[in-house]
Amino acid sequence: VCTPYLELVEAITYKVAGNRRKEEHVKPTKEYVKLIEGGLRKFGLPTSMLSMSTTQFVQEENMKSVFVYGTLLRGQPLNYAMVSRNKPTSVKEASVKGALYDLEDFPGLRPGDYVVKGELYSYDTPMRPLLTELDAIEGHEGWGRGLYERVVVPVTVDGEIVWAWAYLLCSKEYDGTEGLITSGSWIERTS
C-alpha cells in the first residue's frame with residue numbers, strides 16, 4: 001500500500017477463494033465497513049472506493065485518473081501513450097508531495113518533502129488498455145517487482161485533493177540528494 005507520503009508499506013489483504021466467490025455482489029456488514037473505513041482514515045488513505053465497494057464489485061479500472069511527471073507529459077516523447085488508446089476527458093496541471101530524481105533519460109518519483117509538478121489525466125473509458133501500456137512503459141512487472149510500482153497517490157489539482165494512479169520508483173538508491181530535481185519539475189530541470 002502506498003501512503004499519502006509515497007511510502008510503500010506492507011499490508012494484508014484478503015481475496016475470496018475462487019470456489020467461494022459468488023457471481024453477484026455480497027454486501028459487507030456495517031461493522032466490517034466501519035472497521036475498514038477506520039483503518040483507511042488512520043493512515044490517510046482514500047475512502048471513496050470503500051463506499052462504492054459496498055454496493056458493487058470494484059476493480060482497479062474504477063480509478064479513472066493517472067498522474068504523470070516525466071516523459072509521459074505533454075510535449076515529451078512518451079506522451080502518445082496518454083492519448084492513443086484512451087482519449088482523456090481532461091488534462092490538468094497537478095502536483096504531489098515527493099522527491100523527483102533525474103535518471104538521465106527519465107525521472108523517478110520517490111517519497112520526499114518537495115512539490116513534484118506534473119499533469120493529471122482523467123478518463124471516462126475502461127482503464128485496462130491504458131494501464132497495461134503504461135505498466136509496460138514504466139517497467140511495472142507486478143507488485144514489488146520491476147523498476148516502478150503503480151500506486152494510488154493523493155494529487156493536488158485545482159486546489160483539491162484527488163486520488164490517482166502514479167508510478168513510484170522502486171529503487172531506494174535514489175533516496176539521497178544525488179540526481180534530485182529540487183524544482184520538482186522534469187521540464188524545468190537544469191543540466
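Author: Let's begin in strand β2, where Ser95 is found. Keep in mind that this is a predicted model.

Reader: Good starting point! Is Ser95 buried or exposed?

Author: Ser95 counts as buried, because its relative accessibility is 17% and the cut-off for buried is under 20%.

Reader: And which residues is Ser95 in contact with, leaving aside its neighbours within four places in sequence?

Author: Ser95 touches Phe67, then Val115, Val116 and Lys117, and also Pro154, Val155 and Thr156.

Reader: Thanks! How do β2 and β3 pair?

Author: They run antiparallel, with 13 bridges between them. One of the bridges links Glu93 with Glu119 in β3. The two strands form a hairpin, with 4 residues separating them. In that turn, Glu104 has a positive phi of about 80 degrees.

Reader: Nice. What joins β1 to β3?

Author: There are 4 bridges between β1 and β3, and these strands are antiparallel too. Val68 stands opposite Glu119 of β3.

Reader: Which residues of α4 are buried?

Author: In α4 the buried ones are Leu130, Leu131, Glu133, Leu134, Asp135 and Glu138. Their cover includes β1, α3, β4 and β5. Just after α4 comes Gly139, with a positive phi of about 70 degrees.

Reader: Zooming out, how many helices and strands are there in the protein?

Author: The protein has 4 helices and 5 strands. Their order from the N terminus is α-α-β-α-β-β-α-β-β.

Reader: And what share of the protein is buried?

Author: Of its 191 residues, 37% are buried. The protein exposes about 11,700 Å², with carbon and sulfur atoms supplying 52% of that area.

Reader: Last one: what part of the contacts with a separation of 6 or more is between residues 24 or more positions apart?

Author: Such residues account for 66% of those contacts.

How values were computed
Residues are numbered from 1 along each chain as its sequence is written. This is a predicted model: local features need pLDDT of at least 70, side-chain atom pairs count only at pLDDT 80 or more; totals for chains, interfaces and linings use all residues. Side-chain values use heavy atoms; hydrogens and water are left out. Buried means under 20% relative accessible area, exposed over 50%, partly exposed in between (1.4 Å probe, protein chains only). Contact means heavy atoms within 4.5 Å. Accessible areas come from the Shrake-Rupley method with a 1.4 Å probe; for residues, only the protein chains shown count as cover. Two strands pair if DSSP finds at least two bridges between them.
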